[in-house]
Amino acid sequence: MRSVVLLSGGVDPVSGRPAPPRGEIAAIGLALSAGGAVGGLHVGLPAAALGQAAGHGLGQIACLRGVGDPVAILAAHLSAAPPDLVLAGSRACGGEDSGMLPYLLAERLGWPLLAGVVAIGTVADGWLPVTIGLPLGARQDARIRLPCILCAHDAAPAPPFVFDRARRVAMHTVAVADAETIAPLEGTERPYRARPRLIGSAAPAGGGRVLDNPDPAEAARVLLDHLRALGMLGA
Amino acid sequence: MRALIAGEIGGIALAAVVGWLVLLARWLKGRPAAGWLAGLRHVPRRYLVDVHHVVARRPAAARMHAMAAGGVLGGSALALLAVLLGAGGIVWALAALVFGMGGIGALLVWRRRVPKMPPALSGGAFLWLPAALAAWCVGNGLAALFMAIGAPALPVILSVVLGGLGGVALLRLVALGPMRHALAGVAWLAGHTRPGRFSGKGRDTGLRPLDLAAPRLGVLVPADFSGPELAAFDACIQCGRCEEACPAFAAGQRLNPKALIQTLSGAMRAVPPPYAGRPAPSVPMLQGKGGMGQPIVGNVLHRDMLWACTTCRACVEECPMLIEHVDAVVALRRGQTLMLGATRDGAAQALRASRERAEPGGRDLAARGDMIAALDVPVLPPGGETDILLWLGEGAFDARYGRTLRALVTLMRRAGLRFATLGADEVDCGDLARRLGDEATFQSLAAEAISALKARCFTKIVTADPHVLHVLRNEYPALGGRWEVQHHTGLLDELVRDGRLRLERREGARVAYHDPCYLGRYNGEIDAPRRLLDAACTDRVEMARHGMRAMCCGGGGGSPVSDVDAVTRIPDLRMEQARAAGASLVAVACPGCTAMLEGVTGPRPEIRDVAELVLAAVVA
């Protein structure tokens with residue numbers, strides 16, 4: 001099993017300092033749990049956030065030095081020597097951050113993609129069992145054919161940061177062919193404005209019932225039924 | 001007869017020297033320490049002055065130790081002298097007298113644990129110590145006496161046999177622990193890792209920078225400690241003064257400094273002698289096999305023991321062997337954090353925020369000045385110049401501590417001082433990261449802070465946070481940042497002394513001052529806050545534990561972010577001590593202490609910072 005984790009030159013949204021996005025750290029954790037060789041992959045020059053990401057468990061990171069559409073550069077690099085598994089976070093932090101890169105990459109490579117992955121199992125017959133995190137803590141089991149792209153859930157377990165790993169990372173630059181350039185996004189920037197909160201009946205229907213002073217046994221039964229309906233207690 | 005006595009005493013002394021060399025061979029497997037054995041020349045002074053200064057805080061223990069140690073060493077030396085010089089009865093009589101004093105010392109050693117053993121003392125092999133001491137002193141003392149009066153051979157031989165048995169027992173007690181302190185103490189005092197404690201100001205509390213390029217960062221196995229530190233662990237006499245002073249132990253947290261040091265001593269050995277003192281509360285015994293290359297944490301030392309320490313140095317202050325417990329804790333934490341990433345979840349979050357946001361709480365640096373925004377304190381741009389740089393610290397994000405900062409700024413304005421802050425260029429000083437063992441994050445924060453400070457001109461730094469004070473004053477110089485750093489109580493004390501602030505004593509509350517560890521024990525500043533309070537309040541009382549021996553609030557060393565299990569809370573214990581002193585108001589001088597003591601629930605004395613009390617008393 002060979003896994004590749006896609007890394008961005010992350011930036012912390014509060015401080016503006018280099019910081020790997022939470023989802024990419026979770027992706028490293030998933031890659032480590034899959035076993036086998038794990039490497040990082042970044043399009044662009046080595047960035048400070050990459051070293052920090054390595055501290056979470058990457059021994060080596062390849063930086064692809066080419067100009068143009070990163071999706072094209074990644075697709076060309078990955079199809080030259082395809083790994084079994086490509087992992088990414090849900091979205092980068094600090095660039096244009098559309099969250100579309102894994103999907104565009106999957107489309108171009110023709111690989112399957114699953115998003116919101118919180119855990120992965122062991123491969124059987126070329127299929128990889130994965131667990132997907134859904135809202136309200138629900139979990140869904142799925143399986144996906146290799147090679148594939150997985151986007152880690154932001155809340156998937158994150159491996160701890162180890163300074164000793166961060167300082168030992170082998171970061172090498174790979175010169176690659178330039179790809180077609182993409183036009184910069186056009187648009188206007190305006191300050192963030194808080195949207196009105198959803199209240200009352202406009203809130204998403206979570207199901208459930210309101211019980212007024214119920215009998216404890218009745219209340220417990222209703223709670224259990226509700227949790228089962230959400231898939232949090234099994235069948 | 002002379003040859004017999006010389007053979008007996010000399011033989012035991014020689015065996016003790018060999019024992020010392022055996023121990024030394026083990027300590028030398030630790031990291032090398034420069035000039036260690038050359039430090040042997042300092043030992044007599046360090047032993048007779050510095051060790052005795054601590055021992056003498058308990059006069060009964062000091063008497064016991066002086067008589068027992070003096071009797072054993074002095075009597076043996078005199079007896080050998082009598083043999084070698086072929087001296088007459090006078091020297092023998094003197095030796096008998098000194099041995100007799102040692103015998104009384106042995107009696108006092110026995111009385112220490114009989115009829116009732118104080119809980120902080122260790123039992124086990126220690127129960128045999130008085131008998132061994134008594135046999136050595138009485139046997140050799142009688143032999144000397146018989147030599148002095150010229151008695152026949154038989155009584156002398158019997159006495160020498162008794163003394164010899166005592167000597168063998170004492171040597172056995174070196175291996176078992178109780179007598180090891182005598183041998184290991186010499187090596188530790190010779191190579192003490194903080195020589196600054198013995199000279200000049202008598203204080204040396206800053207942590208040493210770590211070379212981040214070294215292959216092994218911090219301590220994972222006993223051999224990662226330096227040789228003298230290993231000797232320090234063996235030098236522990238298990239007197240339990242540290243555990244009596246430890247706030248974490250008192251609160252039922254999983255730490256006992258004595259058990260920690262004993263565990264580290266045992267960690268060097270495949271088969272350590274049994275420990276017969278109190279363990280750390282609720283810590284399961286680990287059955288791992290020790291050895292110089294065997295991991296310590298998780299093998300022989302439970303990992304919870306590491307994270308409960310508040311780094312308050314109360315144990316260090318009390319230790320008669322001058323052992324540096326906090327250095328050992330931080331060295332072990334460095335190994336766990338830097339090499340393994342094995343911190344507690346809460347601590348990992350604080351460290352991540354320190355790395356990525358330069359602020360352990362993860363808050364926006366530009367929001368630090370919000371609490372004093374209404375006072376329009378100027379922000380000093382790079383290249384700017386002012387008299388005093390006001391370092392706000394982490395407490396500035398807290399609304400409660402904002403009141404203290406506003407009081408301080410108001411007082412500084414009244415005194416006509418010219419000052420400014422760093423604004424959003426003030427990063428965290430790195431105190432929390434460093435105490436949690438993350439030396440890498442500390443050094444990067446420190447480098448950023450130092451470059452921000454070097455870009456500006458000012459005469460001194462003033463801060464209301466003793467942790468900042470300690471880091472900037474005592475730990476930045478090793479990284480190239482040297483400035484005059486003053487705590488706000490020191491500054492206000494100067495202003496009152498110079499008449500730039502005039503105070504009128506306010507009647508009302510009975511005030512007790514709670515010393516912050518990082519101001520008192522770490523920096524020795526215990527008088528200025530008290531002078532201020534005496535000038536501002538009519539009624540001041542002292543808690544039983546105050547000044548250099550004050551009890552911690554529980555807020556230091558990253559303990560609050562480390563999810564530490566406890567039976568009770570440390571600030572609750574401290575507040576109980578304030579109540580016992582009859583205080584209706586506790587004066588504090590640290591954002592950590594303020595938050596911890598204000599967190600005590602139920603009816604309790606009020607909490608006010610010294611600056612707030614001074615502001616309430618200022619008349620001009």
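Trainee: What kind of model is it, and how do I read the numbers?

Mentor: This is a predicted model, where local features need pLDDT of at least 70 and side-chain atom pairs count only at pLDDT 80 or more, while totals for chains, interfaces and linings use all residues. Residues are numbered from 1 along each chain as its sequence is written, and chains are lettered from A and ligands numbered from 1 in the order in which they are written.

Trainee: Okay, chain A. Which domains does it have?

Mentor: Chain A is divided into domain 1 (2-175) and domain 2 (208-235). Those bounds come from an automatic or database domain assignment. Taken over C-alpha atoms, the centres of domain 1 and domain 2 of chain A are separated by 38 Å.

Trainee: And what's the strand order in the sheet of chain A?

Mentor: The order is S7-S6-S5-S8-S4-S1-S2-S3-S9 in chain A, an open sheet of 9 strands with mixed pairing. Strands (E, at least two residues) and helices (H or I, at least four) are DSSP runs, numbered from the N terminus. Two strands pair if DSSP finds at least two bridges between them.

Trainee: Which strands stand at the edges?

Mentor: S7 (139-145) and S9 of chain A do, and each has a single partner strand, so one side of each is left without a neighbour in the sheet. The twist averages 40° from one strand to the next. For angles, axes are lines fitted to C-alpha atoms, for helices over the stretch in contact, and values run from 0 to 180 degrees between N-to-C directions.

Trainee: How many bridges join S2 and S3 of chain A?

Mentor: There are 4 bridges between S2 (residues 37-43) and S3 (residues 60-65) of chain A, and the two run parallel. The chain gets from S2(A) to S3(A) through helix H2 (residues 48-54), a right-handed β-α-β crossover. Right-handed is the word if, with the strands pointing away from the viewer, the path from the first strand over the helix to the second runs clockwise. As for individual partners, A:Gly40 has A:Ile61 in S3(A) as its bridge partner, and A:Leu41 has A:Ala62.

Trainee: What about S3 and S9 of chain A?

Mentor: S3(A) pairs with S9 (residues 170-175) over 6 bridges, in the parallel sense. There, A:Leu64 stands opposite A:Val174.

Trainee: Which strands does helix H3 of chain A lie across?

Mentor: H3 (residues 70-80) lies across S2, S3 and S4 (85-88) of chain A, running at about 145° to S2(A).

Trainee: How many residues of chain B are in contact with chain A?

Mentor: 15 residues of chain B are in contact with 11 residues of chain A. Contact means the C-beta atoms, placed from the backbone, lie within 7 Å. On the chain B side, H15(B) gives the most, with 5 residues.

Trainee: And what sheet does chain B have with the order S6-S5-S7-S8?

Mentor: That is an open sheet of 4 strands in chain B, with parallel pairing. S5 (residues 511-513) and S7 (residues 585-588) of chain B are joined by 3 bridges, with B:Ala512 partnered by B:Val586.

Conventions
Contact = placed C-beta atoms within 7 Å.
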